[in-house]
Amino acid sequence: MSQLLGILQPVFKKIGDFFDLFDLSFFIAGASSLLALVYSAWVLGLLSQLGALDGGSRVVLAVVMVAVWGLLSFAVGPLLYRLFWGRLDSIDRAAHEGRGRADHLKAALERHGLLGEGGDELAQSHADRGSYDQLYTRLWVEIRERSVVRESFDQLRRFWILTASYEALATSGLFWAIALLVGAVSWTPEQALGMPPAYALGAAAASLVLGGASAHEAGRSRSNQVEEVVATYAFLRDERERTSTPS
């Protein structure tokens, strides 16, 4: 029985990795962004070319396009956040008072007693050089390689996926706003495609609001991620001290 489990374990891992890929956030945003593209093509009368494809080809094309637009939304999301959404989101705890992730990480390290006198040697050495980005990556590695905090690492992965999901959805909200504006400009009473301009402008504004809400949640999740990384590493430091101290 144990031999059979040893043979099947890599297979189950591959299957899990496959479904984990489809769980990675960007497919939802990709479907939404693709629908925005389809809507724009519909109001512009550009969908007739799809009529020549059979059903199977349409399904394959749809899956590929969802993946492509999901990855595009995923890639554009952080850029939009830095350029636009983050400036409007004054509640973003990862950048409150104009501070970036380095300052936020430093503050979290100080709160957990990892900097200064009696602090952690690894954290202090990076802080002295001002290399907080490298320290953040190193903290992730330290947590990833410690089985005792496996549940915390899974929680961190969820925060990362949520951040990516909301940033991609914020991008999708912008795509929808553009698509609705295209529909408003191309709308004529004779064709009656899309929505009348007044409704389309209202829907575009709603899309921007929803995109901003998604960006805010991305910032909140990013902030929680930093706090969780530092708290987990502080737990590891305390755990090392407890195990190294003779009873």
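Predicted model: local features only at pLDDT ≥ 70, side-chain atom pairs only at ≥ 80, totals over all residues.
**Exercise 1. Two helix pairs**

Task: Work out how α4 sits against α6, and how α2 sits against α7.

Solution: A quick reminder before the numbers: a packed helix pair is described by the angle between the axes and the distance between them.

Step 1, geometry of α4 and α6. Helix α4 (residues 101-111) packs on helix α6 (residues 132-144) at about 60 degrees, and their axes are 9 Å apart. Roughly perpendicular begins at 65 degrees and roughly parallel means under 35, so this pair is oblique. The crossing of α4 past α6 is left-handed.

Step 2, who touches whom. From α4 come Arg-101, Ala-102, Leu-105, Lys-106 and Leu-109; they meet Tyr-132, Asp-133, Leu-135, Tyr-136 and Leu-139 of α6. Sorted by class, that contact has seven nonpolar, three charged and no polar residues.

Step 3, geometry of α2 and α7. Helix α2 (residues 26-43) and α7 pack at an angle of about 10 degrees, with axes 9 Å apart. Because the cut-off for roughly parallel is under 35 degrees, α2 and α7 land in that class.

Step 4, the α2 side and the α7 side. Among the α2 residues in this contact are Ile-28, Leu-35, Ala-36 and Tyr-39, while α7 brings residues including Leu-169, Phe-175, Trp-176 and Leu-180. The class tally is 13 nonpolar, six polar and no charged residues.

**Exercise 2. Which residues have the most contacts inside the largest nonpolar core?**

Task: Find those residues, list the elements around them, and check for a separate core.

Solution: The largest nonpolar core holds 23 residues, and Leu-105, Leu-109 and Leu-135 have the most contacts inside it. Elements giving two or more residues to this core are α4, α5 (121-129), α6, α7 (150-186) and α8 (197-244). A second, separate core has 14 residues, including Ala-36, Trp-69, Phe-175 and Ala-177.

Zoom in on Leu-135: setting aside neighbours within four places in sequence, Leu-135 contacts Leu-105, Leu-109, Leu-122, Ala-123 and His-126. To tie this back to Exercise 2, Leu-105 and Leu-109 are on the α4 side of the α4/α6 contact, and Leu-135 is on the α6 side.

Terms used. Residues numbered from 1 in each chain as written. Heavy atoms only, no water. Axes fitted to C-alpha atoms, helices over the stretch in contact; angles between N-to-C directions. Helix = DSSP H or I, 4+ residues; strand = E, 2+ residues; numbered from the N terminus. Parallel < 35°, antiparallel > 145°, perpendicular 65-115°, else oblique. Left-handed = near helix turned anticlockwise from the far one by under 90°. Contact = heavy atoms within 4.5 Å. Nonpolar A, V, L, I, M, F, W, Y, C, P; charged D, E, K, R; others polar. Core = buried A, V, L, I, M, F, W, Y, C linked by side-chain atoms within 4.5 Å. Buried < 20%, exposed > 50% of the residue type's maximum accessible area, 1.4 Å probe, protein only.
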